[in-house]
Amino acid sequence: MTAVSLPDIAAAPRFSLWNRLKGLSHRSATAVIGGIIVAIFGLLSIVAPWIVPYDPILPFTDKLLAPPSAEHWFGTDGNGMDVFSRVIYATRYAFGIAIPAVLLSLAIGVPIGLWTGYRGGWADEVTLRFSDALRVFPLIILSLAVVAAAGQSLINVVLVIGILDAPVFVRVVRAEVLQLRNSTFVEAAVATGNPVRRILFVHLMLNATKGAMAQVAVRAAWAVRITATLAFFGVGIEVPTPEWGSMIRQGAEFMATGQWWVGIFPGIALIVMVLGLNMLGDGLQDLLDPRRRASAR
Amino acid sequence: MTLGRFLVRRLLLVVPLLVFIAFLNFMLVRISGQDPTALIAGPTATGGELAMVRAELGLDRPLHEQFLVYIGNILTWNLGQSWVNKRSVLNDIWLRLPITLELLFWGVGLGALIGIPVGLRAARHHDGRFDQLARFLSLLGFSTPTYWLGLVMILVFFYFLNWAPPAMGRISLLMTAPPVVTGSYLLDGLIAQKWDVVQSAFAQLVLPVTAMAIVAAAPIIKQARAIALDVQGSEFVRSAQAAGLSGAVIRRMVAKNSATPVITFVGTELTALIGTASVIEYIFSWGGLGQWGLQAIIQADFMVVQGYVLTLALFSVLVFLVIDVAVFLLEPRAEMHA
């Protein structure tokens with residue numbers, strides 16, 4: 001009898017973050033590149049106060065609209081504030097609004113999606129009609145109008161983005177629950193006497209929120225975009241705030257007269273950040289959603 | 001189901017939707033907490049005059065009655081007047097709607113003309129270099145803020161290259177507008193045979209329409225590609241391939257079977273794009289519905305905001321209606337959308 005040859009454990013690649021990333025990047029390079037971009041911006045937002053050369057709202061009154069130079073990499077704006085420092089600092093507003101807004105959407109959308117998908121009936125019908133009805137409004141305009149009506153504050157911006165975006169999560173979670181509702185594990189959970197609450201928030205929540213998780217990055221991208229749009233129209237965020245949209249608003253005045261640096265740099269930062277989140281989201285959706293992968297084959 | 005019965009059922013569904021739209025619109029002014037009384041009565045009004053204006057506007061009545069009054073007003077085509085300049089809201093909507101629709105029409109048309117072939121080609125060469133490029137460009141388009149794109153175009157093509165006229169509306173400031181027939185300077189110029197007007201109107205259109213097309217093309221590429229991939233992978237295409245049908249025939253089959261989801265998508269997208277058109281109008285001082293509405297939002301002129309949001313919502317309701325009829329005619333077994 002010959003000995004069964006065992007796989008050589010020592011030769012197997014050791015688990016490491018690097019190997020893990022390499023493996024992932026084979027399956028979805030998009031997700032990895034997007035993730036790296038988002039991580040860099042996240043890091044910048046944390047260390048911003050220590051790395052920016054100047055206070056983002058300190059006006060150099062003798063250097064209004066100075067073009068990019070060694071002293072001011074991205075030039076100065078109409079108030080004489082350092083554009084580079086402001087662009088870096090603005091990452092704080094991007095994350096500071098997008099994260100709570102998406103969490104709020106999740107907190108509203110996931111329970112409603114679970115409940116309506118599981119229970120069906122009139123509640124399901126009403127929710128569905130409601131979220132369909134909301135779709136006749138262009139989201140940008142509705143957000144602008146509601147924040148303008150509700151009053152200028154960061155809290156209102158977060159609330160409006162979070163609430164108006166919740167139907168996305170309702171739809172995704174509901175669709176997944178509908179597929180799982182009659183599966184064996186739910187039946188078993190019901191048969192062993194679990195209360196509905198437990199079935200919803202333990203059994204189904206663990207199994208039916210993959211799609212929602214894949215959506216998180218995409219919705220965060222949307223939240224960052226819409227925050228900047230609101231700020232561009234002077235809604236929700238006051239003017240000297242170091243926020244990309246607000247900076248582009250000021251830059252718009254100087255675009256037709258050639259002081260391009262005021263508006264161009266914050267725009268590029270905004271695009272790269274949103275692109276990173278979108279790439280991350282797009283890649284995650286491909287990785288997590290087997291149907292998308294199948295149809296892409 | 002016959003087309004007649006379908007239409008009746010579909011129109012019945014619109015009624016609660018319209019009530020919902022009106023309610024949301026009504027609430028918009030309520031949550032603003034703005035009291036237009038002082039704005040309308042003027043700064044010298046006495047307490048008695050203020051009370052009169054309040055009664056006239058119905059602001060002294062309970063909320064549900066106010067809502068009924070609002071519904072009644074809408075049904076009798078009374079959308080009130082601007083709090084800022086006292087102009088009739090309905091009049092301004094009629095005046096400005098065609099201006100916005102012109103931009104939307106050319107922009108979305110050009111966007112579809114670019115987006116659909118690119119998306120289909122990307123699907124055909126799935127995972128190839130072209131596909132990857134198309135996917136990236138589409139994501140880039142999704143991530144670029146409309147207003148910034150517009151500003152960059154003004155910077156490059158007006159300030160640096162001097163190819164485009166200043167972004168000051170729909171026609172050169174030195175020119176008199178042609179007599180109004182359609183509301184589009186381009187068409188009106190053609191009708192009046194004023195070639196300099198046509199030329200100027202066209203020059204003014206180029207930048208905003210291009211910006212609109214770029215923004216519109218991004219989702220169109222993505223969706224056209226996804227739909228084509230879906231159809232490509234389906235059984236009937238595989239059997240057609242197995243049967244040895246030529247590439248051209250199969251391509252025609254894919255295009256035909258993609259039509260329904262494409263039309264449905266165009267509907268949802270048009271809703272978003274009329275919002276985008278507003279932003280572009282604002283950047284290019286276009287003077288249509290969008291610039292008017294956005295300015296009202298900035299100035300907190302909520303009577304105008306109400307009319308503006310209502311018009312956009314009604315536009316989408318109409319688009320969805322037309323689309324459902326189109327889908328019904330193409331594919332009678334399709335279910336109704338709300």
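## A guided tour of the model

Begin by selecting B:Phe328, which at 8% relative accessibility counts as buried; buried here means under 20% relative accessible area, exposed means over 50%, and partly exposed lies in between, with a 1.4 Å probe and protein chains only. What you have open is a predicted model, in which local features need pLDDT of at least 70 and side-chain atom pairs count only at pLDDT 80 or more, while totals for chains, interfaces and linings use all residues. Residues are numbered from 1 along each chain as its sequence is written, chains are lettered from A and ligands numbered from 1 in the order in which they are written, and side-chain values use heavy atoms, with hydrogens and water left out.

**Chain B as a whole**

Where pLDDT is low, the predicted coordinates should not be read in detail. For the model, the scores are ipTM 0.85 and pTM 0.86.

Switch to a cartoon view, and chain B shows 13 helices and zero strands; helices (H or I, at least four residues) and strands (E, at least two) are DSSP runs numbered from the N terminus. The C-alpha trace of this chain spans about 85 × 55 × 40 Å along its principal axes, and 46% of its 338 residues are buried.

Next, colour residues 3-75 and 90-328 of chain B separately, since they are its domain 1 and domain 2, with bounds that come from an automatic or database domain assignment. Their C-alpha centres lie 32 Å apart, yet 17 residues of domain 1 are in contact with 14 residues of domain 2, where contact means heavy atoms within 4.5 Å.

**The nonpolar cores**

Now show the side chains of A:Phe137, A:Val224, A:Trp244, B:Leu104, B:Tyr147 and B:Tyr308, which touch the most other members of the largest nonpolar core, a set of 142 residues. A nonpolar core is made of buried Ala, Val, Leu, Ile, Met, Phe, Trp, Tyr and Cys residues joined through side-chain atoms within 4.5 Å. Helix H13 of chain B (residues 302-330) gives this core its largest share, 16 residues. Because both domain 1 and domain 2 of chain B contribute residues, the core lies between them.

Zoom in on B:Tyr147, leaving aside residues up to four places away in sequence, and you will find that it touches residues of chain A, including A:Ala228, A:Phe232 and A:Leu270, as well as B:Val279 and B:Ile283. A second, separate core has nine residues, among them B:Ala123, B:Ala228, B:Ile250 and B:Val254.

**Salt bridges in chain A**

Over all chains the structure holds 10 salt bridges, each being a side-chain nitrogen of Lys or Arg within 4 Å of a carboxyl oxygen of Asp or Glu. Select A:Asp124 and A:Arg174, whose closest N and O atoms are 2.5 Å apart. This pair joins helix H4 (residues 121-134) to helix H6 (residues 154-180) of chain A, and its two residues are 50 residues apart; both A:Asp124 and A:Arg174 are buried.

Move on to A:Asp77 and A:Arg86, which meet at 3.5 Å, N to O; A:Asp77 is buried, with a relative accessible area of 3%, and A:Arg86 is buried, also with 3%. A further bridge joins A:Glu71 and A:Lys63 at 3.0 Å, N to O, and A:Lys63, at 23% relative accessibility, is partly exposed.

**Aromatic pairs**

The whole structure contains 20 aromatic pairs over all chains. Select A:Trp73 and A:Phe84, whose ring centres are 4.9 Å apart with planes at 55°, so the pair is tilted. Rings of Phe, Tyr and Trp (its six-membered ring) pair if their centres lie within 6.5 Å, with planes under 30 degrees apart counted as stacked, over 60 as edge-to-face and the rest as tilted. A:Trp73 is exposed, with a relative accessible area of 54%, whereas A:Phe84, at 15% relative accessibility, counts as buried.

Finish where you started, at B:Phe328, whose ring centre lies 4.2 Å from that of B:Phe6 with planes at 15°, so these two are stacked. They link distant parts of the chain, B:Phe6 in helix H1 (residues 3-32) and B:Phe328 in helix H13 of chain B, 322 residues apart. B:Phe6 counts as buried, at 2% relative accessibility.
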